[in-house]
Amino acid sequence: MDCLFCKIIGGEIPSTKVYEDDMLLAFRDINPQAPEHIVIVPKTHIRSANEINSDNVKYISAIWEKIPQIAADLGFAENGYRVINNCGHDGGQTVEHLHFHLLGGKTFTDF
Ligand code: 5GP
Ligand code: ZN
C-alpha cells in the first residue's frame, strides 16, 4: 500500500519518534505548526475518521489513553495542548492515514 504513514510505521521512511507501542506511533511533524507538534497514528491503516468502527476503535482509545502521557513526557501537559484531527478534503486532511496532531508549547488564541 502506498501510504506515507504506513511507511513511517514500517521504518521505510525515517521519523523522529517520541513514543511507540504495539497500537500507535507518535513522531515529530516535519513541518511544525507550534513549538511542539507531534503526529500520532494508529498502527493499522485507517483512512480517516470516517472509517472508525467498532473493530478498530480500540486504536483510537489507545491513542487518547496515551496523549496525556506523551504531553507530560514532552513537558507541556500542565500548560495544556491542542489535539486536532483533519478529516477528508474539507477538513484539510493531506495524508490518508488517520492521525491526530498534538500541539503544544504555545498559547492558542484562535478558535
Ligand atoms: P494533515 O494535513 O493530513 O492533517 O496532516 C499531515 C501532516 O503530516 C502534516 O502536518 C505534514 O507536515 C506531516 N507530514 C507530511 N509528510 C511527512 C513526513 O514525511 N514526515 C513527517 N514527520 N511528517 C510529515
Ligand atoms: Zn497507512
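Three aromatic pairs turn up in this predicted model, where rings of Phe, Tyr and Trp (its six-membered ring) pair if their centres lie within 6.5 Å. Residues count from 1 along each chain as its sequence is written, and chains are lettered from A and ligands numbered from 1 in the order in which they are written. As this is a predicted model, local features need pLDDT of at least 70 and side-chain atom pairs pLDDT 80 or more, while totals for chains, interfaces and linings use all residues; side-chain values use heavy atoms, with hydrogens and water left out.

**Aromatic pairs**

- Ring planes under 30 degrees apart count as stacked, over 60 as edge-to-face and the rest as tilted.
- Trp64 and Phe100 are edge-to-face, because their ring planes sit at 75° with the centres 6.1 Å apart.
- That pair links distant parts of the chain, with Trp64 in helix H2 and Phe100 in strand S5, 36 residues apart. Helices (H or I, at least four residues) and strands (E, at least two) are DSSP runs, numbered from the N terminus.
- Trp64 is partly exposed at 43% relative accessible area, whereas Phe100 is buried at 9%. Here buried means under 20%, exposed over 50% and partly exposed in between (1.4 Å probe, protein chains only).
- Phe76 and Tyr81 also make an edge-to-face pair, with ring centres 6.1 Å apart and planes at 75°. Phe76 is buried at 4% relative accessibility, and Tyr81 is partly exposed at 32%.

**Zinc site**

- The zinc ion (ligand 2) has Cys3 (SG), Cys6 (SG), His45 (ND1) and His97 (ND1) as its protein donors, 2.0 to 2.3 Å away. Donors are N, O and S atoms within 2.8 Å of the metal (3.2 Å for Na, K and Ca), and water is not among the atoms, so sites may look incomplete.
- For reference, the ideal angle for four tetrahedral donors is 109.5 degrees.
- Along the chain, the donor spacing reads C-x2-C-x38-H-x51-H.
- His45 is in the loop between strand S3 (36-42) and helix H2 (57-73), and His97 is in the loop between helix H3 (88-91) and strand S5 (100-104), so the two tie together parts 52 residues apart in sequence.
- His45 is partly exposed at 28% relative accessible area, but His97 is buried at 0%.

**Nonpolar cores**

- A nonpolar core is a set of buried Ala, Val, Leu, Ile, Met, Phe, Trp, Tyr and Cys residues joined through side-chain atoms within 4.5 Å.
- The largest one has 18 residues, and those with the most contacts inside it are Leu24, Ala26, Ile40, Ile63, Ile70 and Leu102.
- Strand S2 (24-28), S3, H2 and S5 each give two or more residues to this core, and H2 has the largest share with seven.
- Leaving aside neighbours within four places in sequence, Ile40 is in contact (heavy atoms within 4.5 Å) with residues including Leu24, Ile63, Phe100 and Leu102.
- A second, separate core has eight residues, among them Phe5, Val39, Val41 and Val95.

- Pro35 sits in the loop between S2 and S3 and is exposed, at 57% relative accessible area.
- Pro35 and Gly104 are 69 residues apart in sequence, yet 6.5 Å apart in space, C-alpha to C-alpha.
- Strand S1 (residues 17-20) pairs with S2 in the antiparallel sense over three bridges; strands pair if DSSP finds at least two bridges between them.
- A hairpin through three residues joins S1 to S2, and Lys17 has Phe27 as its bridge partner in S2.
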